[in-house]
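Here is a short note to read beside the model. Please keep the sequence and the 3D view open while going through the points.

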Amino acid sequence: MAEPTIGGVLLAAGRSRRMGARDKLELEVDGVPMVRRAADALTGAGAAPVVAVVARDAVAACLPHGFEVAHQPRPEDGLASSLALGIGALRGRVDAALVGLGDMPWVTAAHARRVMEAFDPTRDRAVAPAFGGRRGHPVLLAAALFDEVRRLEGDGGARRVLARHAARLRLVPVEDDGVLRDVDRPGDLDR
């Protein structure tokens, strides 16, 4: 059996309301824009192609050269609409999509690679990292879920789809909490 083709979706169209005037995705973490770190985790793990869903050109400018960009015209429609846009861009091109969040700069390529390597297309509908018993990101979604994901609405992301397919969701333990930590407020960068 051939290795599955795993693409990536980077969700980077949030409005950063809780961060104040600056878009958090442009803020630097260890000298690198937060969204670039999230992008590098997906590409460093070998996901290809990777589509970044963005609402602002300034965020797209932080991405590595050659990234596919899908512009989100209505970020106020919530996370699910951005996820649907990214999944729609990969539909028919991949066997699964690794979905990363632009505001999780401590997710590494090693985390993402571990999720990708755990994927068994004959058994799994989804794979996610877990730390301390909590599911984290990035989450891999099998192509069998793409149509269901594209029908989602609101700010819950794929949470409802994962709940419906819990019996076929594989959790992969990881050694650190980078898969759980996001940035919502200025103090989150200091933790």
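Predicted model: local features only at pLDDT ≥ 70, side-chain atom pairs only at ≥ 80, totals over all residues.

1. Rolling a probe the size of a water molecule over the atoms shows where empty space is left. The structure has one cavity of 30 Å³ or more. The largest cavity holds about 60 Å³ of space.

2. Its lining. Which residues line the largest cavity? They are L10, A38, A41, L42, G100, L101, M104, V107, H137 and P138. Sorted by class, eight of the lining residues are nonpolar, two are polar and none is charged.

3. Where the lining comes from. At least two lining residues come from each of helix 1 (34–44) and strand 6 (96–101). Helix 1 contributes the most, with three residues.

4. The buried side of helix 1. In helix 1, the buried residues are M34, V35, A38, A39, A41 and L42. These residues lie on the same side of helix 1 because they cover an arc of only 155° around the axis. An α-helix has 3.6 residues a turn, so residues three or four places apart point the same way.

5. G44. This glycine belongs to helix 1. Is G44 buried or partly exposed? G44 counts as partly exposed, because its relative accessibility is 40%, and buried would mean under 20%.

6. Contacts of G44. Apart from neighbours within four places in sequence, G44 touches A109 and R113. G44 and A109 are 65 residues apart along the chain, yet their C-alpha atoms are separated by 5.1 Å.

7. After the helix. Just past helix 1, G46 has a positive phi of about 100°.

Conventions
Residues numbered from 1 in each chain as written. Heavy atoms only, no water. 1 Å grid on protein atoms, 1.4 Å probe; cavity = no way out; pocket = protein on both sides within 12 Å on 5 of 7 lines; lining within 4 Å. Points joined across faces, edges and corners; volume = space filled by probe spheres on them. Helix = DSSP H or I, 4+ residues; strand = E, 2+ residues; numbered from the N terminus. Nonpolar A, V, L, I, M, F, W, Y, C, P; charged D, E, K, R; others polar. Buried < 20%, exposed > 50% of the residue type's maximum accessible area, 1.4 Å probe, protein only. Arc of directions from axis to C-beta. Contact = heavy atoms within 4.5 Å.
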